[in-house]
Amino acid sequence: MTDRARLEQRYRRLLKCYPRACRVERQEEMLGVLMACARDGRRWPGRTDSVNLIANALLMRVRFHAPRSIPTVFWAVRLMALGAVLELASLVTVVATRSDLAAAVARHYPAMPVAHVHHLVNAGSSRSRSGRRSPRACGCGCPGRPIAATVGRVAGLARCSRSRQ
Amino acid sequence: MSKRAMQEATFLILTALAAGSQHGYGIIIDVTGISDGRVRLRAGTLYTALDRLRKDGLVEVDREEVVDSRLRRYYRLTRDGSERLAEEAARLQANAYVAMSRLDLDGGVATA
């Protein structure tokens with residue numbers, strides 16, 4: 001293999017950094033320019049040329065992918081809207097079913113004082129609004145506690161799904 | 001393309017094409033000559049600039065030839081490209097005029 005052929009092969013390898021669509025259109029033309037610029041006897045692409053080709057190839061990749069970003073933004077906005085709807089739905093559910101929840105807790109644990117039941121349910125819904133444990137939440141480890149915690153967790157999940165976007 | 005100041009490489013590529021259509025290697029040689037050897041375009045830079053100029057409608061492909069079994073594409077200025085180059089040249093000329101006239105006023109010597 002001659003020096004020119006070796007150099008051309010190495011330039012071809014470097015040009016693989018360009019996006020395929022770009023290569024199909026320009027590879028042969030760019031090779032012509034690169035080979036015309038190379039002095040006789042050179043077997044390896046110069047360092048400056050190599051860095052220049054790689055940097056511009058990356059730039060072209062960003063440019064070729066740019067139109068795809070519009071649908072991506074569109075989907076991100078949709079996902080964000082869905083997260084907001086879920087959060088709103090969970091909040092409405094918590095507020096609307098507060099009395100049912102208190103009744104259910106009272107039915108399952110008839111020995112529990114009514115004031116304590118309401119305190120547990122309110123702790124759960126206030127957690128769902130603030131997104132963290134309420135300082136007034138019951139710390140006694142009584143059986144009604146997981147119910148209130150679950151209500152808070154559902155609302156918390158909806159909040160997290162939005163904040164991750 | 002926005003009306004903000006043009007990059008020097010872009011200005012020199014358009015200037016090279018203002019005299020007539022040229023292929024990639026011809027543009028590189030011409031730009032080196034116009035800038036008195038100061039600007040040496042690399043192939044990557046040239047084709048990224050040509051790609052942008054074609055998308056902006058300032059440059060277009062004139063014709064294609066095959067020389068020594070290699071493709072040669074000739075580029076030329078569009079009407080928009082000529083107008084944009086003329087605007088940029090006028091802007092640079094106006095700036096240069098102000099700079100030269102102020103230097104003449106002060107005798108070309110920086111004063112403390």
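**Group meeting: the contact between chain B and chain A**

Let me begin with the contact, which takes 17 residues from chain B and 22 residues from chain A, contact meaning heavy atoms within 4.5 Å. In chain B, the residues that lose the most area to chain A are B:R42, B:Y47 and B:R70, together 34% of what that side buries. Between them, chain B and chain A bury about 1800 Å², with 51% of it on carbon and sulfur atoms; buried area is the accessible area (1.4 Å probe) that two parts lose on being put together, summed over both.

A word on the source: this is a predicted model, in which local features need pLDDT of at least 70 and side-chain atom pairs count only at pLDDT 80 or more, while totals for chains, interfaces and linings use all residues. Residues are numbered from 1 along each chain as its sequence is written, chains are lettered from A and ligands numbered from 1 in the order in which they are written, and side-chain values use heavy atoms, with hydrogens and water left out.

I turn now to the charged pairs. The count between chain B and chain A is 5 salt bridges, a salt bridge being a side-chain nitrogen of Lys or Arg within 4 Å of a carboxyl oxygen of Asp or Glu. On the side of chain B that touches chain A, the elements giving two or more residues are α2, α3 and β3 of chain B, and the largest share, 9 residues, comes from α3(B). Helices (H or I, at least four residues) and strands (E, at least two) are DSSP runs, numbered from the N terminus.

B:R70 forms a salt bridge with A:E8, with the closest N and O atoms 2.6 Å apart. A:R26 forms a salt bridge with B:D51, at 2.9 Å between the closest N and O atoms. That pair crosses between chains, from helix α2 (residues 20–37) of chain A to helix α3 of chain B. Are A:R26 and B:D51 buried or exposed? Both are buried, where buried means under 20% relative accessible area, exposed over 50%, and partly exposed in between (1.4 Å probe, protein chains only).

The side chains of A:E29 and B:R73 also meet in a salt bridge (2.8 Å, N to O). This pair crosses from helix α2 of chain A to strand β3 of chain B. A:E29 is buried, with a relative accessible area of 3%, and B:R73 counts as buried at 9%.

Within chain B, B:E88 forms a salt bridge with B:R84, the closest N and O atoms being 3.7 Å apart. Salt bridges that share partners join A:E25, A:R26, B:D51, B:R54 and B:K55 into one network.

Next, the sheet of chain B. An open sheet of 3 strands has the order β1-β3-β2, with antiparallel pairing; two strands pair if DSSP finds at least two bridges between them. β1 (22–23) and β2 stand at the edges, each with a single partner strand, so one side of each is left without a neighbour in the sheet. β1(B) and β3(B) pair over 2 bridges, and the bridge partner of B:H23 in β3(B) is B:Y74.

Finally, two loop residues of chain B. B:D36, between α2 (24–34) and α3 (43–55), has a positive phi near 60 degrees and is exposed, with a relative accessible area of 73%. B:S69, between β2 (59–67) and β3 (70–77), has a positive phi near 55 degrees and is exposed at 70%.
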